[in-house]
Amino acid sequence: MAMMSGKQLQLLGATCGAYSVVTEREATGDRSVTLDMDEKSVLAQKMDLGSIARRGGVTDDRSVRQWFSIFNPYNIFDSSMIHIPIVYPKSTGNELRLYMQGSIDFLGNAGDVFVIFCRESEQFPRVGFIRAADWDTFWGNLNYVSEVNSTIYIQDIDDNQYQQSLLATQAGIPVQQSYTAYPRNSGLAKQAIEMSGFTCEVDPRHHTFRSPVTGQNFMEAHHLIPMSHQASFPYDSLDRLGNIVSLCPCCHKAIHLGDSSVRKELLWTLFNKKAHALQQLGVNFETLCSLYGVSS
Ligand SMILES: [Zn+2]
Ligand SMILES: [Zn+2]
């Protein structure tokens with residue numbers, strides 16, 4: 001009945017997916033799900049639809065069962081495999097049915113939502129049912145987990161040290177090259193902040209406090225493409241002026257810890273300021289968002 005949205009696919013880590021409501025006839029009649037066009041297109045990503053057995057008076061000795069992975073919305077880590085009967089029930093035509101069986105935990109009731117999706121890393125398509133009343137809660141919970149994970153994941157453990165080295169450099173104190181995971185040059189950070197005129201590149205009206213070191217509006221330096229992604233850019237250093245933005249501490253915290261809509265808004269403003277430099281690194285807005293775990 002519907003293909004999954006980009007957001008739903010992202011939350012499930014799926015490449016394609018579809019869903020439809022189980023009808024009374026499907027649930028009580030021969031207890032099967034008749035796959036619609038969308039669902040067949042999803043299935044076809046992992047299964048040769050021509051390999052599925054045909055019935056309806058046709059002589060076809062092939063097994064009616066195919067392997068699937070279970071989609072269990074009540075335990076998303078459940079990755080059991082199930083062998084589900086699937087056939088073209090008629091001698092001609094494209095009607096395709098998947099048969100429910102309580103014995104293999106593949107059982108839906110009328111009004112439940114049948115879900116099918118594929119993940120790149122998985123061999124079999126995932127199928128399962130979710131009660132209609134649980135639909136919104138399921139996506140809400142998944143979204144919450146994704147928000148929490150992406151803010152934690154984007155944390156930069158070296159950031160405090162970086163800001164400290166920046167202060168030392170601003171004060172003219174020699175900074176020792178530190179043995180952090182992703183070495184960065186605090187001289188470039190100092191330059192980036194000076195180039196911004198000691199303003200926040202999100203909005204120059206963001207006033208902070210007078211830095212005792214520079215005597216100017218206090219600012220922090222942030223790598224727009226996070227240094228933790230350096231390995232994906234083998235030919236270019238991410239520690240370059242075009243990738244360093246001057247941010248007030250509040251915007252800096254928000255770009256690391258804000259919810260995805262806040263981060264996306266900040267990224268959009270900063271992307272437009274640094275578009276040229278990011279283009280040189282082959283990074284468009286979609287890519288930038290994905291580096292922050294935000295869907296664009
Ligand atoms: Zn930062
Ligand atoms: Zn700011």
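Modeller: A residue counts as buried when its relative accessible area is under 20%, and as partly exposed between that and 50%. The model discussed here is predicted.

Biologist: Is Cys 248 buried or exposed?

Modeller: The cut-off for buried is under 20% relative accessible area. Cys 248 has a relative accessible area of 5%, so this residue is buried.

Biologist: Which atoms coordinate the zinc ion (ligand 2)?

Modeller: The donor residues follow the spacing C-x5-H-x41-C-x2-C in sequence. His 206 lies in the loop between helix H6 (186-195) and strand S9 (220-223), and Cys 248, 42 residues apart from it, in the loop between strand S10 (244-247) and helix H7 (249-257), so that this pair links distant parts of the chain. His 206 is partly exposed at 26% relative accessibility. At 2.1 to 2.3 Å, the coordinating atoms are Cys 200 SG, His 206 ND1, Cys 248 SG and Cys 251 SG.

Biologist: What is the geometry at the zinc ion (ligand 2)?

Modeller: Four donors count as tetrahedral if all angles lie between 85 and 135 degrees. The angles among the four donor atoms are 101 to 119 degrees, and the site is tetrahedral.

Biologist: How are H5 and H6 oriented to each other?

Modeller: The axes of helix H5 (residues 159-170) and H6 are 8 Å apart, at an angle of about 75 degrees. Angles of 65 to 115 degrees count as roughly perpendicular. The two helices, H5 and H6, are therefore roughly perpendicular.

Biologist: How many residues of the contact of H5 with H6 are charged?

Modeller: From H5, the contact includes Tyr 162 and Leu 166; from H6, it includes Lys 190 and Ile 193. The contact has four nonpolar residues and five polar, and the number charged is one.

Note on methods: Residues numbered from 1 in each chain as written. Chains lettered and ligands numbered in written order. Predicted model: local features only at pLDDT ≥ 70, side-chain atom pairs only at ≥ 80, totals over all residues. Heavy atoms only, no water. Donors = N, O, S within 2.8 Å, 3.2 Å for Na, K, Ca; no water. Tetrahedral: all angles 85-135°; square planar, octahedral: opposite > 155°, others 65-115°. Helix = DSSP H or I, 4+ residues; strand = E, 2+ residues; numbered from the N terminus. Buried < 20%, exposed > 50% of the residue type's maximum accessible area, 1.4 Å probe, protein only. Axes fitted to C-alpha atoms, helices over the stretch in contact; angles between N-to-C directions. Parallel < 35°, antiparallel > 145°, perpendicular 65-115°, else oblique. Contact = heavy atoms within 4.5 Å. Nonpolar A, V, L, I, M, F, W, Y, C, P; charged D, E, K, R; others polar.
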